[in-house]
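Me: I'd like to learn how to read the overall build of a model. Can you walk me through it, one feature at a time?

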Amino acid sequence: MRPVSIVHERPRVTPEAEPFWTAAAGGELRLPSCPACEAWLWFPRATCPTCGGDVEWRAASGLATLTSFIVERRATDPRWRDRVPYVIGYVTLDEGVVLLSDIVGAEPGELGIGTRLRVRFEPTDDPAIAVPVFEPFDEGSPHA
Amino acid sequence: MSAVIRGVAECPHGRSTEPSTMALHETLVDAALADAGLERGQVDALLTVSPRSDPYLVHAEALAERLGIEPGPCHSVEAGGTAPIAMAAAAAGMIDAGIAEVAVVVAADLPLLAGSAGYLSTLTQVGPIHPEFEASYGVTPRSLYGLMARAYLHHHRLGEDALGEVALHDRAMAARHPHARFREPLDMAGYLASPLVCDPLRRPDCGPVTDGGGAVVLVRGDLPAAGHADVALAGVGQAMRHAHLSQAPSLVESAAGVAGGRALTTAGATIEDVDVALVYDCFSIAMLMNAEALGLAATGTAAKEFAAGAFGPGGRVVVNPHGGLLSHGYPARAAGMANLVEAIVQLRGEAGERQVPGCATALVHGMSGAQSGHAVAILREAA
């Protein structure tokens, strides 16, 4: 099993996405949605790109499906060399939006396109900021 | 009188012997001007891409000063791998509008001066990776192409040798180009034995970061001729779909065909008229997606066509006779310039042992970001 105790670099946090980061620090995936367009939005933003209305921040299920993934074996960036091998994937949330994220908690060989995932949060080098990552889980077992 | 392409120059791709990035630009500009039968003082428009190995945001101004010229338009263009075509189109537009008579388009970079790792790190910070929601995961532009590759192979039920066919093709073509970075032969066994760097991408699937670049001179067509054929920019099309790949409608489709359709329509041509296609392939997967989107192969069949020789000498259309970005080289901010240069050289019949016989119509493709923006130019010998 791949170690999951990676400390991510603090992201460049903007006030526009404050509801997302506040929720993430508390272990919840909270995303903007447009009540008028009935659409979930990614990336986090204050207004709907379709109608221009203010978004509503709502808790997402945290459940997702793996859409594609890579295994970084030779990191080009020195900051990530001691992490290899690590897995990056596109995950399609059950709400329909696609996120780029770390895939943790599994050997690469255990992953496939279509693998079911759930969100968890990992620390960054700023104790007030956590980032979402995704791990496989058995759909038959309770995930709460 | 409309614009024509009259001068062209390129330097070897690999580790440069030029003492500075400015010196390399100077060498390329002088060589392209000499090819066009012109001198520095006649240049009244200068377009460049800001190289990564020099800090100038408006690099063109620093280059104009270095060259000792005082052009009118003096611009550096940010458009990723579409920049060479975008700059040529802008230069032609300036000439057609009477803003300039002699325009120089140049893109060159010396990433190996600072080390390729340094260059790749900056790409991570300025590439199509969201600074707030993606950058902290350790993702690079290469990761994004790896994500496309796994999705593509899965979608079309293809094996990893499908990517390898592109690498093998480019390597075979590059063997005939004296400026190419990699000229040693590569076979499928060698490809499959090469290291997985970003699984499913192997090292030969990734364009090698090299020093390099090229320059092109466009002039008003009625200026005294240079003793060789002029090349016409018969049509240009551009298309932009997304910046971040997570916003793309699909991981397996390219918008290259939208740009290609626009360029072909303007040129009054069809894809069947194309004798040589220079397709932007910073990674092998980009070639498969782009070749299919441009209509050079049916969806999901580009790898099979490469394996069958459809894109080699004597094939239906010759793709990347210069070796593509995978083997000709990936000269950092100048990536894509060699595609434009090779089209001009082929149309002038000056490609030596790799010359495509009877080359009358060339397609040049450039791409930015992660399948983000596309540009296509159709080039012909000028009437």
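Me: Which pattern does chain A follow when read along the sequence?
Reply: The idea is to list the helices and strands in order. This is a predicted model, and in it chain A reads α-β-β-β-β-β-β-β-β. In numbers, that's one helix and eight strands.

Me: And how many helices and strands does chain B have?
Reply: Chain B has 13 helices along with 12 strands.

Me: How do I read the radius of gyration of chain B?
Reply: You set the value beside what the globule rule gives for the chain's length. For the 383 residues of chain B the rule gives 21 Å and the model has 19 Å, which is close, so chain B is as compact as a globular protein of that length. Its C-alpha trace spans about 55 × 45 × 40 Å along the principal axes.

Me: Last one: what share of the contacts in chain B joins residues at least 24 apart?
Reply: Start from contacts between residues at least 6 apart in sequence; in chain B, 78% of those join residues at least 24 apart. For chain A, 52% of the contacts with a separation of 6 or more are between residues 24 or more positions apart.

Conventions: Residues numbered from 1 in each chain as written. Chains lettered and ligands numbered in written order. Predicted model: local features only at pLDDT ≥ 70, side-chain atom pairs only at ≥ 80, totals over all residues. Helix = DSSP H or I, 4+ residues; strand = E, 2+ residues; numbered from the N terminus. Rg over C-alpha atoms; globule rule 2.2 N^0.38 Å. Contact = placed C-beta atoms within 7 Å.
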